[in-house]
Structures are given as C-alpha cells and as structure tokens.
Amino acid sequence: MSTHDASHWNQNLETGDFHVDLQHQELFQLVTSLDIAIRDQDMGQIKAIIVFLERYVIDHFDAEETIMKKVSFDGYDYHKAEHDMFEDMVHEMRRMLDTSPARTHLIFAIRKFIDRLVIHIRTVDIRIADIVHSCDHDTAESP
Ligand SMILES: [Fe+2]
Ligand SMILES: [Fe+2]
C-alpha cells in the first residue's frame, strides 16, 4: 500500500508545528486501531477510542487555535467552527455509547468522524503550515 493514500500520514500534511503534526499522526493511527477493534468486536477498545477522542478534541484543537490566535489568522472563525462541529460529534458519540445498545450506529459515527477529520487535516489544518512557516521566517529575520 502506498504511503500517500488517503488513510496514511505523509509529509505533505506537515504543518511544521511539532505537536500538531504528532497529534495528526495519532489520528491516522486511530484508523488502524478502529479497524482492529471492529474486527475483534472489542467494545472495550471502542470505548477507549471515544475516551481518547474526548481528550483529543480538547488538546489538539486548543493547540491549533492557540497558533492561529497568536497571529490573528483570518481563517480562524471558519477553522474554529469546524472544530466546534467535531466536538459536537464526539459528544454525540459519548451519548450513543452511554445510552444506545446499537453498536453499529456508534461504529459508523466514529468512522464518519475520523473520515471527516482526515479531510479537515488535508484541507483546513494545512493552512497552519503558512502561519508556522511565516513565524519561522520572522524569527530567522530578526537580529
Ligand atoms: Fe488538526
Ligand atoms: Fe483543525
């Protein structure tokens, strides 16, 4: 399998921010974890994925929003609105986990979430690279 296919991390997705890039790679690894959990019908692992995502949407989105706020980035509002939508999706997954016995709906919701977040990484997060690179440039220029 090519390392440049849609389900894998590759260097074209790099923002240049160490933490953000590490967190994005973790998200791609989650695709594999989810496949294994579904194959093994491992509800413990499915739960662990949701717990992981509950933390992830706080820590990761905060890291990106902090970078954007520092430079008053013009795409902030759109980017933040997408993050809010992803947070809502995670809240909905938690609600399904706690209340619904229909696991197939939950697994479908997790898949949809990850697929959308991968698209977000490719199309929206990639603009963070411009911020990071221009900040690097500024630092390099300063005496
Ligand atoms: Fe991101
Ligand atoms: Fe983002």
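## Overall fold

Helices are DSSP runs of H or I with at least four residues, strands are DSSP runs of E with at least two, and both are numbered from the N terminus. By that criterion the protein has five helices and zero strands, and its pattern along the sequence reads α-α-α-α-α. The model is predicted, with local features requiring pLDDT of at least 70 and side-chain atom pairs counting only at pLDDT 80 or more, whereas totals for chains, interfaces and linings use all residues. Residues are numbered from 1 along each chain as its sequence is written.

Along the principal axes, the C-alpha atoms fill a box of roughly 60 × 35 × 20 Å. Of the 143 residues, 15% count as buried, a residue being buried if 20 or more other C-beta atoms, placed from the backbone, lie within 10 Å of its own.

## Helix α1

Helix α1 has 22 residues and reaches 32 Å from its first C-alpha to its last, close to the 32 Å expected at 1.5 Å a residue, where the expected span is 1.5 Å times one less than the number of residues. Its buried residues are V20, D21, H24, L30 and A37, and after the helix comes Q41, with a positive phi near 50°.

Conventions. Chains lettered and ligands numbered in written order. Buried ≥ 20, exposed ≤ 12 C-beta atoms within 10 Å, placed from the backbone.
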